[in-house]
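Trainee: I am new to this one. Could you walk me through it, one question at a time?
Mentor: Gladly! Let us look at it together.

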Amino acid sequence: MPLYEYLCDSCDIKFEMLRPMSRVTEDAPCPDCSQMSPRVLSVFASFSIGGSGEVTPLAGGGGCLGCGPGGCACGRSV
Ligand SMILES: [Zn+2]
């Protein structure tokens with residue numbers, strides 16, 4: 001089950017919650033105040049600072065940006 005991040009406006013905290021894919025678009029209740037909070041988009045993409053100072057995606061160069069390093073669910077080799 002995917003882990004999603006939510007942001008509570010009232011408490012100004014982020015919290016994570018496991019949710020089924022079918023409910024990914026739904027808000028989640030804050031663990032502190034139970035207010036329904038919108039999901040925030042987590043940044044899963046990994047970046048590295050190259051020798052030139054450029055920030056380049058690790059999975060760049062034709063790779064898949066949707067999957068993490070070490071494994072690509074889209075079938076490309078990383
Ligand atoms: Zn809250």
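Trainee: Let me begin with Val24: does it count as buried or exposed?
Mentor: Keep in mind that this is a predicted model. Val24 has a relative accessibility of 18%. The cut-off for buried is under 20%, so Val24 counts as buried.

Trainee: Where does Val24 lie, and which residues does it touch?
Mentor: Val24 lies in the loop between strand E2 (13-18) and strand E3 (28-29). Its C-alpha atom is separated by 8.8 Å from that of Pro2, 22 residues apart along the chain. Leaving out residues up to four places away in sequence, Val24 touches Tyr4, Tyr6 and Arg39.

Trainee: Tyr6 has come up, so which aromatic pair does it belong to, and how is that pair classed?
Mentor: The structure holds 1 aromatic pair. The ring centres of Tyr6 and Phe15 are 5.7 Å apart. Tyr6 is buried at 0% relative accessibility, and Phe15 is buried at 7%. The planes of the two rings meet at 20 degrees, and under 30 degrees counts as stacked, so the pair of Tyr6 and Phe15 is stacked.

Trainee: What is the geometry of the site of the zinc ion?
Mentor: The zinc ion is coordinated by the SG atoms of Cys8, Cys11, Cys30 and Cys33, at 2.2 to 2.3 Å. Ideal angles for four tetrahedral donors are 109.5 degrees. Here the angles among the 4 donor atoms are 103 to 116 degrees, and the site is tetrahedral.

Trainee: Which strands are at the edges of the open sheet?
Mentor: The open sheet has 3 strands in the order E2-E1-E5, with antiparallel pairing. E1 and E5 are joined by 2 bridges, and Glu5 stands opposite Val40 in E5. An edge strand pairs on one side only, and the edge strands are E2 and E5 (39-40).

Conventions
Residues are numbered from 1 along each chain as its sequence is written. This is a predicted model: local features need pLDDT of at least 70, side-chain atom pairs count only at pLDDT 80 or more; totals for chains, interfaces and linings use all residues. Side-chain values use heavy atoms; hydrogens and water are left out. Helices (H or I, at least four residues) and strands (E, at least two) are DSSP runs, numbered from the N terminus. Buried means under 20% relative accessible area, exposed over 50%, partly exposed in between (1.4 Å probe, protein chains only). Contact means heavy atoms within 4.5 Å. Donors are N, O and S atoms within 2.8 Å of the metal (3.2 Å for Na, K and Ca); water is not among the atoms, so sites may look incomplete. Four donors count as tetrahedral if all angles lie between 85 and 135 degrees; four count as square planar and six as octahedral if opposite donors are over 155 degrees apart and all others between 65 and 115; anything else is irregular. Two strands pair if DSSP finds at least two bridges between them. Rings of Phe, Tyr and Trp (its six-membered ring) pair if their centres lie within 6.5 Å; planes under 30 degrees apart count as stacked, over 60 as edge-to-face and the rest as tilted.
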